[in-house]
2 protein chains.
Amino acid sequence: MPTPDRTSLDAIVTAARDLLEAEGLAALTMNAVAQRVGVRAPSLYKRVESRDRLIQLVAEATLTDLADRLSEERSVATIVNEFRAFGRERPAAFQLVLTPASGTPLADDSFRFVASEAILRGAGELAGEEHALEAARTVVAWATGFISMELNGSFQLGGDVDAAWSYGVERIVAAITR
Amino acid sequence: MPTPDRTSLDAIVTAARDLLEAEGLAALTMNAVAQRVGVRAPSLYKRVESRDRLIQLVAEATLTDLADRLSEERSVATIVNEFRAFGRERPAAFQLVLTPASGTPLADDSFRFVASEAILRGAGELAGEEHALEAARTVVAWATGFISMELNGSFQLGGDVDAAWSYGVERIVAAITR
DNA sequence: ACCTGAACACCGTTCAAGT
DNA sequence: ACCTGAACACCGTTCAAGT
């Protein structure tokens, strides 16, 4: 006799995302996720192939969220500021997606592509279409590195980090402007 | 009756470092390290407090190696090129140290400080001492982001990645030069 | 003084048995 | 058709017992 579903893939991915942010990737265990959605760990395998695949789904959902937010911004400066705001709101997801450790399951390229569209467009307007790709890579590399360093406490030498961010935005925008 | 030592902290850290590079952080288990140095896992605890502490020691040794290499370079361009070479030679260690995931044990700040000296000096020469810190942060953020993206395959849109690197170096150096 | 097997509490994952 | 307990092979870590 069929049993009504007690959970769903969406609920599982949401639970995993919350767990990642609240306690880090190591705490994202099948047991902990199962407990959050109200089943036992083995039941999760009816909906997700493995823990790695679940992590990949979280990464992909994160990129979708990020793409939505960046797509509403127009200038390189506001895109990059929104990028930083996203990193501060969801630091663990940001690191998972933008600076994954060796061995971490990666989001499919299609998700990364969507998230890169806003920056590609903004950079193209400043640098010219023929240099859009190089310019976008310069901006994204800088912003990703900066935010990642900020999130993991690498700015240890004092100084005003917000000022360094503003300095960077200004210089990078000038650097890629034709 | 005393037994002669069958391993050493140095051998353990070296084994851990090699394992990290060969198979990733997840494969850096106490069992695998013990096997490499020729003892059983429990014996490692005579020399290292925990797996987390061992990972931290690997991170700190990596920063020492990096500092040695960067200190021999003089210009921002050559420092940053050497930084990239290091990342390509030891991608897993690079990621562990420069873009650690949430929950990863971090190297003590003193080790990070040593590794940042060369760039701080180089950036100061270009930007002036009063902007050395902001300029160094801009350079390091860009280079770290670029190399990290390169290592984890984030440059998926084609184009010449070496050309994007050269473009970036040139623009960043110009951007921070007073 | 160092090393070890056995043990503990955890993992991820599989699978037969339940409803 | 979904869910579960039990089981398996692994983790990191502790500790009493060996030399």
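Contact here means heavy atoms within 4.5 Å. This is a predicted model, in which local features need pLDDT of at least 70 and side-chain atom pairs count only at pLDDT 80 or more, while totals for chains, interfaces and linings use all residues. Residues are numbered from 1 along each chain as its sequence is written, chains are lettered from A in the order in which they are written, and side-chain values use heavy atoms, with hydrogens and water left out.

**Exercise 1.** Work out how many residues of chain A and chain B are in contact, and how much area they bury.

*Solution.* Start with the count: 44 residues of chain A are in contact with 44 of chain B. Next, take the buried area (accessible area, 1.4 Å probe, that two parts lose on being put together, summed over both). For these chains that comes to about 3800 Å², with 59% on carbon and sulfur atoms.

**Exercise 2.** Find which residues come nearest to DNA strand C, and which backbones lie by its phosphate oxygens.

*Solution.* First, list the neighbours (a heavy atom within 4 Å of the strand). There are 20 residues around DNA strand C, and A:Y45, A:R51, B:D5, B:R6 and B:R40 come nearest. Then check the backbones: a N or O atom of A:R51 lies 2.8 Å from a phosphate oxygen, and one of B:R6 lies 2.9 Å from a phosphate oxygen. For B:R40, a polar backbone atom is 2.8 Å from a phosphate oxygen.

Technical notes. A polar contact is a pair of N or O atoms within 3.5 Å; within protein, one must be able to donate a hydrogen and the other to accept it, and residues adjacent in sequence count only if both atoms are side-chain atoms.
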